[in-house]
Amino acid sequence: MDIQLKRGLLDVCVLTAIKNEESYGYKIIKDTAPYVQMSESTLYTILKRLETAKMLTVRSAEHDGRLRKYYKITESGLNRIGEFKDEWREVMSIYKFVTKEDASDEKA
Amino acid sequence: MKKLEFLDALRKKLFGLPSHEVEERVSFYSEMIDDRIEEGLSEEAAVADIGTVDGIMMQIVGEISVVSIVKDKIVPKRKLRAWEIVLLALGSPIWLALLISALAVVVSLYAVLWSVAISMWAVTVSLAVCALGGVAGLLLCLYLGNSATGFVILGAGVVCAGLFIFAIYASLSLTKGTVLLAKNIVLWIKGGFIKEGEK
């Protein structure tokens, strides 16, 4: 898969994982695992990128006698998910057109 | 491997990277290991699940920009004293000239690296022009009534068209090779800075 495309998809996956409630690193990896495989190192880079882009905020809180970082989506992060949905509606209609062409080729 | 051993090994491997970057990453991995232990994994299994130190290091080196690594090495960590600033100003005719020459060497090496691919593309374009020139030459000679010369020129044009097909593949391969080489050189430079920190 194209690197830029994959990067964009991973960003949206991480944003979706924290969309309804704030979450932490390991939980994000577990929640996204059925759909996409990402290493800790990759997740770290994505979280940093999204934080710099102000699409999420980070806070440290005590958990079981240690500090854990929690990530919360911002308005800008929610907008990114919305943009992604709009972009992909267009992509899906092109995909349907392409696969319909394939099906008609096979029939012929 | 125990958690502390793993984090120490990671810290040592990343020693040449910006210090704030190292600590932030180490605490990120520490949290990841703790969360796995909390879920019921043994300490060793949790560490093994994270991956090898070398594997993680390679991934991190690939992700951090070379500018960030070099900047961390060059920019002083403390405020400069007055005499250091005076010395820097007095020595500027020497170190500034050396710095500019070093940058010029880097830029020229980069230009040399790309010049091979650019030359190959120039050859490819010339062959395409010659192929078209062959057809134009034939038409011109036919118009002037010298058909024998015209067909010789067309023959040369056809040879150029054939060579053009080979040349375009060579140019594409050379361009891909150069991009790969440039990427590896950047990785090598980053690795050099990190190894220097390990000593």
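## Glu63(B) and helix α4(B)

Glu63(B) is part of helix α4 of chain B. In this predicted model, Glu63(B) has 12 other C-beta atoms within 10 Å. A residue counts as exposed at 12 or fewer such neighbours, so Glu63(B) is exposed.

## Chain B: overall make-up

Chain B contains 7 helices and 0 strands. Its order along the sequence is α-α-α-α-α-α-α. Of the 199 residues in chain B, 16% are buried.

The contacts of chain B can also be sorted by separation in sequence. Taking those between residues at least 6 apart, 67% join residues at least 24 apart.

Helix α1 of chain B covers residues 3-13, and its buried residues are Phe6(B), Leu10(B) and Lys13(B). These three lie on the same side of α1(B), because the arc they cover around the axis is only 65 degrees. The spacing of such residues follows from helix geometry: with 3.6 residues a turn, residues three or four places apart in an α-helix point the same way.

What does the buried side of α1(B) pack against? The buried residues are packed against α2, α3 (43-50) and α4 of chain B. On the face turned away from that buried side, α1(B) carries Leu4(B) and Glu5(B), which are exposed.

## The side of chain B that touches chain A

Between the two chains, 15 residues of chain B are in contact with 11 residues of chain A. Helix α2(B) supplies the largest share, with 9 residues.

By class, this side of chain B consists of 6 nonpolar, 2 polar and 7 charged residues.

## Chain A: overall make-up

Chain A has 4 helices and 2 strands. From the N terminus, these elements follow the order α-α-α-β-β-α. Buried residues account for 19% of the 108 residues in chain A.

Among contacts of chain A with a separation of 6 or more, 50% are between residues 24 or more positions apart.

## Packing of α1(A) and α3(A)

Helix α1 of chain A (residues 3-17) packs with α3(A) at an angle of about 80 degrees, and their axes are 10 Å apart. Angles of 65 to 115 degrees count as roughly perpendicular, and α1(A) and α3(A) are therefore roughly perpendicular to each other.

Which residues make this contact? From α1(A) come Leu10(A), Asp11(A), Val14(A) and Leu15(A), and they meet Ile46(A), Leu47(A) and Leu50(A) of α3(A). The residues of this contact comprise 6 nonpolar, no polar and 1 charged.

## The β hairpin and positive phi angles in chain A

Strands β1(A) and β2(A) run antiparallel and are joined by 8 bridges. Leu56(A) has Ile73(A) of β2(A) opposite it. The hairpin has 2 residues between the strands, and within it Asp64(A) takes a positive phi near 55 degrees. Asp64(A) has this positive phi although it is not a glycine. Its place is the loop between β1 and β2 (66-73) of chain A. Is Asp64(A) buried or exposed? Asp64(A) counts as exposed, because it has 8 C-beta neighbours inside 10 Å.

Lys54(A) is another residue with a positive phi, of about 60 degrees, although it is not a glycine. The loop that holds Lys54(A) lies between α3 (40-52) and β1 (56-63) of chain A. Lys54(A) has 11 other C-beta atoms within 10 Å and is therefore exposed.

Terms used
Residues numbered from 1 in each chain as written. Chains lettered and ligands numbered in written order. Predicted model: local features only at pLDDT ≥ 70, side-chain atom pairs only at ≥ 80, totals over all residues. Contact = placed C-beta atoms within 7 Å. Nonpolar A, V, L, I, M, F, W, Y, C, P; charged D, E, K, R; others polar. Buried ≥ 20, exposed ≤ 12 C-beta atoms within 10 Å, placed from the backbone. Arc of directions from axis to C-beta. Pairing = 2+ DSSP bridges. Axes fitted to C-alpha atoms, helices over the stretch in contact; angles between N-to-C directions. Parallel < 35°, antiparallel > 145°, perpendicular 65-115°, else oblique.
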